[in-house]
Amino acid sequence: MGRTAKKVDLDIPILIAESSYADLSSLKQNFAQLFLKNISSTGRGYKAIELSKRQKYEVIFISNPLVQLEGFSVIQEMREEGENISTPIVFVSEFKGDTAAGKASVLGADRTICKPITQDSLRSLLEDILNILIITETEEKDRIHDAMREARVAVEFGRKLRRDGDYELAYDAFRSALAQVFCGLAEVYLSKGDKEGAEEILKEAEKIDSEARKNFQVREEFFVEQGKIWLQKKQYIGARAEFKAALTLNEGNITALLGLGEAHYSLNELGEGKEVFQRAMESNSASVDSQIFQQ
């Protein structure tokens with residue numbers, strides 16, 4: 001079975017051993033943009049070892065040189081004893097092709113990241129090494145804005161109608177906004193594969209808007225299209241969620257099956273990918289070339 005990525009726990013403890021104040025400050029800022037703020041840091045080698053013996057960290061970043069003790073010795077000692085013998089260690093290299101990276105790897109570093117460390121490179125490394133899904137601060141704001149757009153428009157329209165004295169249409173506008181919120185919750189349940197939960201939410205939405213369920217059904221194609229977009233951007237975790245939502249509405253959607261299979265394979269979830277492709281082949285909706293298993 002392949003690995004299954006999960007959304008990041010924002011409180012995961014991270015240790016940084018970096019003697020350069022400027023580089024440490026920049027790295028912390030990048031972590032903050034990823035909503036990861038439970039950071040312990042030091043520029044001293046012996047202090048890094050002391051901290052690693054006291055607490056288990058999710059990931060450790062070690063640069064070289066450090067004050068009092070070089071980073072290589074810190075890596076070696078962490079691998080020999082303490083709470084973080086198996087914790088992923090990332091060696092922070094001064095530049096690409098740095099021979100120090102090879103030495104760090106031999107001593108126990110799992111990965112190397114080169115300075116200057118960008119938000120994108122840090123995010124990619126963390127998602128890969130910890131198998132987590134990270135949403136940046138900018139993406140989170142965009143998601144909130146997008147999620148609230150239709151409801152916000154309906155609410156503003158309702159307020160305008162109320163001020164104009166058209167209470168009946170104002171009532172319809174506010175009712176539409178509430179229905180959008182319920183439908184958004186139903187989407188979340190579908191992405192989790194909880195069709196019963198989505199059904200309960202849609203029942204509540206129908207109490208507000210009798211057309212809510214009918215309008216919601218068209219989202220199957222919306223989920224598929226969003227999944228395709230995520231695939232193009234190589235954001236496979238997002239793609240997986242969208243295709244799963246579409247399949248919760250219609251388990252025979254061949255495009256969603258193929259997209260989900262591709263997302264699974266890209267996430268190295270080979271068992272799940274093969275199973276989904278098998279479902280696609282057995283579907284009466286369309287025939288799939290058997291060569292797809294050659295991926």
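**Entry 1**

I looked up F91 to begin with. F91 is buried, with a relative accessible area of 1%. I keep in mind that this is a predicted model. I then asked how much of β5 is covered. I found that five of the five residues of β5 are buried. Next I checked which way the side chains point. I89, F91 and S93 point one way from β5. V90 and V92 point the other way, and they are buried too. I note the general rule: in a regular strand the side chains alternate between the two faces of the sheet.

I searched for aromatic pairs and got four in the structure. One of them joins F72 and F91. I wanted both numbers for this pair, because a pair of aromatic rings is described by the distance of the centres and the angle of the planes. For F72 and F91, the centres are 5.7 Å apart and the planes make 25°. The pair counts as stacked. I then asked where the two residues lie. F72 is in helix α3 and F91 in strand β5, so the pair ties together parts that are 19 residues apart in sequence. Is F72 buried or exposed? I read 8% relative accessibility for F72, so it counts as buried.

**Entry 1: the sheet**

I traced the sheet that holds β5. It is an open sheet of five strands, in the order β3-β2-β4-β5-β6, and the pairing is parallel. Which strands are at the edges? They are β3 (39-42) and β6 (111-114), and each pairs on one side only. I noted the twist as well: it averages 20° from one strand to the next.

I went on to the pairing of β4 with β5. β4 covers residues 59-63 and β5 covers residues 89-93. The two strands run parallel and share four bridges. I picked out two partners in β5. S63 has V92 as its bridge partner, and F61 has V90.

Helix α3 (residues 71-80) packs on this sheet. I see the helix touching β2 (14-17), β4 and β5. The direction of α3 makes about 150° with that of β4.

**Entry 2: L66**

I moved to the loop between β4 and α3, where L66 is found. L66 has a relative accessible area of 8%, so I list it as buried. Which residues touch L66, leaving aside neighbours within four places in sequence? I found A17, E18, S19, G43, G45, G71 and V74. I checked S19 further. The C-alpha atoms of L66 and S19 are separated by 5.3 Å, although the two residues are 47 apart along the chain.

**Entry 3: S52**

I looked at helix α2 (residues 45-54), which contains S52. S52 is buried, at 2% relative accessible area. Beyond four places in sequence, S52 is in contact with Y57, M78, G82, E83 and N84.

K233 lies over the face of W230, at 5.8 Å from the ring centre.

**Entry 4: the whole chain**

I counted 13 helices and seven strands. The chain has 295 residues, and 43% of them count as buried. Its accessible surface comes to about 16,400 Å². Carbon and sulfur atoms hold 49% of that surface. Lastly, I looked at contacts with a separation of 6 or more: residues 24 or more positions apart account for 58% of them.

Conventions. Residues numbered from 1 in each chain as written. Predicted model: local features only at pLDDT ≥ 70, side-chain atom pairs only at ≥ 80, totals over all residues. Heavy atoms only, no water. Pairing = 2+ DSSP bridges. Axes fitted to C-alpha atoms, helices over the stretch in contact; angles between N-to-C directions. Contact = heavy atoms within 4.5 Å. Buried < 20%, exposed > 50% of the residue type's maximum accessible area, 1.4 Å probe, protein only. Phe/Tyr/Trp six-rings, centres within 6.5 Å; stacked < 30°, edge-to-face > 60°. Lys NZ or Arg CZ within 6 Å of the ring centre and 35° of its normal. Areas by Shrake-Rupley, 256 points an atom, 1.4 Å probe, with all protein chains shown as cover.
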